[in-house]
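Subject: Structure for you to look at

Hello,

Below is the structure I said I would pass on. Please open it and keep it beside you while you read the notes that follow.

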Amino acid sequence: YSPQICNYLDRETSGIVVLSRNKEAHRMLARMFMRRVTPNNVYWGFVVGRPTADYGRIRMHCEVRKGPGGNTIIARPTPTEKSKVAIAEYVVNANAGEYGSFVSFYPLTNRTHQMRIMAAHGLRTPLFGDAKFGGESAFPQNLKTFWDPNDKGLKLHLHHRKIQLPYKNRDGTFVTVTAPMPKYMKETFNKLGWPCEVDDPLVPG
């Protein structure tokens, strides 16, 4: 049995990928990423601008349309016959005025590009460096003191930070995994005076 991936990250997203070592483990771990009532993992992101609320729940309906040039994802506020619901909670941890914000995303569903679509179209604050869903807004001119807005090679600032697994330690607590931030996100956070190594209390462990 070859190890199987239980959760897929976008190629541009950093952080935790969970693999199973047998079929039973794969079934158990795959269920973690189906629709949930409470979050068991968190993504950290740097979004351009400031969400109108400091915390809340985002609910969108995503439909994948296949075409000769590849798939297109359409996000809507109301469901259609072919759409699937995408839900996540979020908390704004820090902000640099109206320039950008440090946001934790807690997905309750697992849809393709979910956090990126929600940041750009749900919160109206695209993730920094997200050319695919944020367009030019993901490379803000008002932050040119820190970055070159014409450098479209800036990396996406979205990181799968922490996950709680369905296994327990000897003391009865759940096993959790935390991934260190990539160098480029650390540099951004350090420039803005934001913490890089704090724990996320909404995912226990």
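A residue is called buried when its relative accessible area is under 20%, exposed when that value is over 50%, and partly exposed in between. Please also keep in mind that this is a predicted model.

Helix α2

With that cut-off, α2 is mostly covered, since 7 of its 9 residues are buried. Which residues of α2 are buried? They are Gln114, Met115, Arg116, Ile117, Met118, Ala119 and Ala120. As background, an α-helix has 3.6 residues a turn, so residues three or four places apart point the same way.

His113 sits in the loop between β8 and α2. The phi of His113 is near 60°, a positive value in a residue other than glycine. His113 counts as buried because its relative accessible area is 19%, and the limit for buried is under 20%. Arg124 comes after α2 and lies in the loop between α2 and α3. Arg124 is not a glycine either, yet its phi is positive, at about 65°. Is Arg124 buried or exposed? Arg124 is exposed, because its relative accessible area is 63%.

Strands

Strand β5 (residues 55-67) pairs with strand β7 (residues 84-95) in the antiparallel sense, over 8 bridges. β7 and β8 form a hairpin with 4 residues between them. In the turn of that hairpin, Gly97 has a positive phi of about 60°.

Aromatic rings

A pair of aromatic rings is described by the distance of the centres and the angle of the planes. How many aromatic pairs does the count come to? The count comes to 6 aromatic pairs. In one of them, the rings of Trp44 and Phe102 have centres 5.1 Å apart and planes at 75°, so the pair is edge-to-face. This pair links distant parts of the chain, as Trp44 is in strand β4 (residues 41-48) and Phe102 is in strand β8 (residues 100-107), 58 residues apart. Both Trp44 and Phe102 are buried.

Another pair is made by Phe46 and Phe128, whose ring centres are 5.3 Å apart with planes at 50°, so it is tilted. This pair, too, links distant parts of the chain: Phe46 is in strand β4, Phe128 is in the loop between α2 (114-122) and α3 (131-134), and 82 residues separate them. Phe46 is buried, with a relative accessible area of 1%. Phe128 is buried as well, with a value of 2%.

Ring pairs link Trp44, Phe46, Phe102, Phe128, Phe189 and Trp194 into a cluster.

Surface

On the surface, a nonpolar patch is formed by Ile5, Tyr8, Val17 and Leu19. Together these residues have about 390 Å² of accessible area. Leu19 is in strand β3 (residues 19-20). Why does Leu19 count as partly exposed? Its relative accessibility is 46%, which means that it falls between the limits of 20% and 50%.

Regards

Conventions
Residues numbered from 1 in each chain as written. Predicted model: local features only at pLDDT ≥ 70, side-chain atom pairs only at ≥ 80, totals over all residues. Heavy atoms only, no water. Patch = residues over 30% accessible without salt bridge, like charges linked within 9 Å, V, L, I, M, F, W, Y side chains within 5 Å. Areas by Shrake-Rupley, 256 points an atom, 1.4 Å probe, with all protein chains shown as cover. Salt bridge = Lys/Arg side-chain N within 4 Å of Asp/Glu carboxyl O. Helix = DSSP H or I, 4+ residues; strand = E, 2+ residues; numbered from the N terminus. Buried < 20%, exposed > 50% of the residue type's maximum accessible area, 1.4 Å probe, protein only. Phe/Tyr/Trp six-rings, centres within 6.5 Å; stacked < 30°, edge-to-face > 60°. Pairing = 2+ DSSP bridges.
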